[in-house]
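Colleague: Could you walk me through this model, with the cut-offs spelled out as we go?

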Amino acid sequence: LAGNGGGAVSVYNLYSYLEFDVTNSTFDGNTSSTYGGAINLGDINTGESGSTYLVIDGSTFTDNSSGTGGAVSVWGEKRGEAPTVVAISDSTFSTNLSTGGGGAFFASSGVGSYGVGQVTITDSTFTSNSAEYDGGAVYLGYTDASVSGSEFVGNYSGRVGGAIVGY
């Protein structure tokens with residue numbers, strides 16, 4: 001159990017370039033009371049030092065839980081300078097839980113000029129994830145996003161966006 005985010009991995013208050021690759025990995029039963037049950041990249045402000053990249057490929061996230069982003073949470077990028085880029089491909093998210101938004105995945109900072117720059121989700125499966133608020137599987141706030149070749153089955157949101165919500 002992680003109190004400040006990232007039940008397995010947390011990168012917080014980052015002010016420099018980062019490329020973080022998660023490949024052919026399994027995250028099962030991790031918990032955070034705040035952000036990202038398995039992975040949290042939070043309060044990222046890279047400025048002109050270069051974009052931050054999170055690449056998740058061929059990985060499985062099962063039974064993770066948190067306050068925001070049941071499995072993965074990415075937030076706090078200052079847009080326009082060097083935006084954060086998130087790419088998820090060929091991955092499986094199942095039975096993850098958020099007591100806030102984004103049952104499996106959350107990307108946002110929640111204020112006008114701030115947010116993650118780009119999220120791409122390709123050929124991935126989201127099954128039986130749930131959020132007490134918005135985005136049963138995926139919550140996207142203040143970000144450009146594309147989803148292709150992916151499957152969303154049996155996800156639940158307490159308010160809006162059983163599979164995906166975007167603001």
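Predicted model: local features only at pLDDT ≥ 70, side-chain atom pairs only at ≥ 80, totals over all residues.

Modeller: Happy to! Residues are numbered from 1 along each chain as its sequence is written, and side-chain values use heavy atoms, with hydrogens and water left out.

Colleague: Thanks! How many helices and strands does the protein have?

Modeller: Both are DSSP runs numbered from the N terminus: helices are H or I with at least four residues, strands are E with at least two. By that rule, the protein has zero helices and 20 strands.

Colleague: What percentage of the residues is buried?

Modeller: The protein contains 167 residues. Of these, the buried share is 49%.

Colleague: F106 and Y139 form an aromatic pair; which class is it?

Modeller: Rings of Phe, Tyr and Trp (its six-membered ring) pair if their centres lie within 6.5 Å; planes under 30 degrees apart count as stacked, over 60 as edge-to-face and the rest as tilted. The structure holds seven aromatic pairs. For F106 and Y139, the centres are 4.7 Å apart with 25° between the planes, which makes the pair stacked.

Colleague: How many residues apart in sequence are the parts that this pair ties together, and are F106 and Y139 buried or exposed?

Modeller: Both F106 and Y139 are buried. F106 lies in strand β12 (residues 105-107) and Y139 in strand β16 (residues 138-140), so the parts tied together are apart in sequence by 33 residues.

Colleague: Which residue forms a salt bridge with R159?

Modeller: A salt bridge needs a side-chain nitrogen of Lys or Arg within 4 Å of a carboxyl oxygen of Asp or Glu. A search of the whole structure finds one. Its closest N and O atoms are 3.1 Å apart, and the partner of R159 is D134.

Colleague: Is R159 buried or exposed, and which is D134?

Modeller: R159 has 54% relative accessibility, so R159 counts as exposed. D134 has a relative accessible area of 4%, so D134 is buried.

Colleague: With the side chain of which residue does D134 make a polar contact at 2.4 Å?

Modeller: A polar contact is a pair of N or O atoms within 3.5 Å; within protein, one must be able to donate a hydrogen and the other to accept it, and residues adjacent in sequence count only if both atoms are side-chain atoms. The side chain of D134 has such a contact with that of R159 at 3.1 Å. At 2.4 Å, the partner is Y167.

Key. Buried < 20%, exposed > 50% of the residue type's maximum accessible area, 1.4 Å probe, protein only.
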